[in-house]
Amino acid sequence: MSTSTAPSSTSTSEDRPQLRPDRRKSRWHYDVIGLVTAVVMAFPVYWLIISALRPNQEIRSYDQTLWPSSITFDNFTRAVKQPNFETAIQSSLIVSVTAVVGGMIIATLAALAIGRFRFYGRKALLMVLILVQMLPPTAMLIPIYAQLNAMGGLDEYWGLIVVYLVSTLPFAVVMIRGFVVNIPVELEESAMVDGCTRMGAFVRVVFPLLAPGLAAASIFALVNAWNEYLFAYILINDDSKYTLNVWLMTFTTERGTDYGALMAASTMIALPVVVFFMIIQKKMAAGLTSGAVKG
């Protein structure tokens, strides 16, 4: 009489599914590509800082090295002593801070209206905001110049502020709207049942939950306003109201360009945005992902 053997409950290593060996080997290609991409993107920043620390004669030399033979801070001294340095800082701060704060207030209110309320033309308005964001700034330069000239906004801070504020609104509204949609309306209703007004419910419940989206939108608005050159160059002709990016032109004269001081000034101009980004980077990272998925 033959006996049947039951299959063994324990599986050998040959029965277990093996990972594809090519999958493990192919992963290092992505690491190499990422490393090369990071080096390529970081090299201009590295060269900017190194050039700011090089002596001028070494900058003009044909024999360039990856590390300066000697380090000097004279370039930073000349940059600080350049005429209109203080007024350029003042102009950039006034324009950038006002544009960012005003843009975030308007964008938050607009995103709340689009995300919370149903009204005629809501989807069309959202589509228009996306389409406007696709337009290149140079396409709107002449109409904006003509409009501000008719309104007396040339050589005025408020004219440049309005341009920067409006240019950041579409992106900010779309991003903040994603957070407004993700916040359950029941939270506001519960706060209103407990005695809060609609505005009180927004300030105490909704606004804190919008912090990641506001952080991401504000860093975008700040970079746009702080680093913008074209509109500031066209709309502001008074050298006492130059922003920092337009002020950099003063390092080029009839006798040539002071590259050392120019690189030092560019390094100092980049620091405020870097510091601001480092302060809110965690909230910004959350803002770029959390608002994209509706939970």
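Author: A nonpolar core is a set of buried Ala, Val, Leu, Ile, Met, Phe, Trp, Tyr and Cys residues joined through side-chain atoms within 4.5 Å. Buried means under 20% relative accessible area, exposed over 50%, partly exposed in between (1.4 Å probe, protein chains only).

Reader: Which residues touch the most other members of the largest one here?

Author: Leu-160, Tyr-164, Ile-176, Leu-210, Trp-247 and Phe-251 do, in a core of 56 residues.

Reader: Which elements give two or more residues to this core?

Author: They are H4, helix H6 (141–151), helix H7 (157–182), H9, helix H10 (211–227), helix H11 (230–235), helix H12 (244–247) and helix H13 (259–290). Helices (H or I, at least four residues) and strands (E, at least two) are DSSP runs, numbered from the N terminus.

Reader: Where does the largest share come from?

Author: From H7, with 13 residues.

Reader: Fine. What kind of model is it?

Author: A predicted one, with pLDDT of at least 70 needed for local features and 80 or more for side-chain atom pairs, while totals for chains, interfaces and linings use all residues. Numbering starts from 1 along each chain as its sequence is written, and side-chain values use heavy atoms, without hydrogens and water.

Reader: Now H9. Which of its residues are buried?

Author: Gly-200, Ala-201, Phe-202 and Val-206 are the buried ones. They pack against helix H4 (85–116) and helix H8 (185–193).

Reader: What does Arg-78 pair with?

Author: Asp-258, at 2.9 Å from N to O. Arg-78 sits in helix H3, and Asp-258 in the loop between strand E2 (256–257) and H13, so the bridge ties together parts 180 residues apart in sequence. Arg-78 is partly exposed, at 30% relative accessibility.

Reader: And Arg-116?

Author: Its partner is Glu-188, with the closest N and O atoms 2.5 Å apart. This one ties helix H4 to helix H8, because Arg-116 lies in the former and Glu-188 in the latter, 72 residues apart in sequence.

Reader: Is Glu-188 buried or exposed?

Author: Buried, since its relative accessible area is 5%.

Reader: Which residue forms a salt bridge with Lys-241?

Author: Glu-156 does, its closest N and O atoms being 3.8 Å apart. Lys-241 is in the loop between H11 and H12, and Glu-156 in the loop between H6 and H7, so parts 85 residues apart in sequence are tied together. Glu-156 is partly exposed, at 32% relative accessible area.

Reader: Backbone next. What is phi of Asn-84?

Author: Near 70°, a positive value in a residue other than glycine. Most residues other than glycine have a negative phi. Asn-84 is in the loop between H3 and H4, and it is partly exposed because its relative accessibility is 29%.

Reader: And phi of Asp-155?

Author: Also positive, near 60°. Asp-155 lies in the loop between H6 and H7. Its relative accessible area is 25%, so Asp-155 is partly exposed.

Key. Contact means heavy atoms within 4.5 Å. A salt bridge is a side-chain nitrogen of Lys or Arg within 4 Å of a carboxyl oxygen of Asp or Glu.
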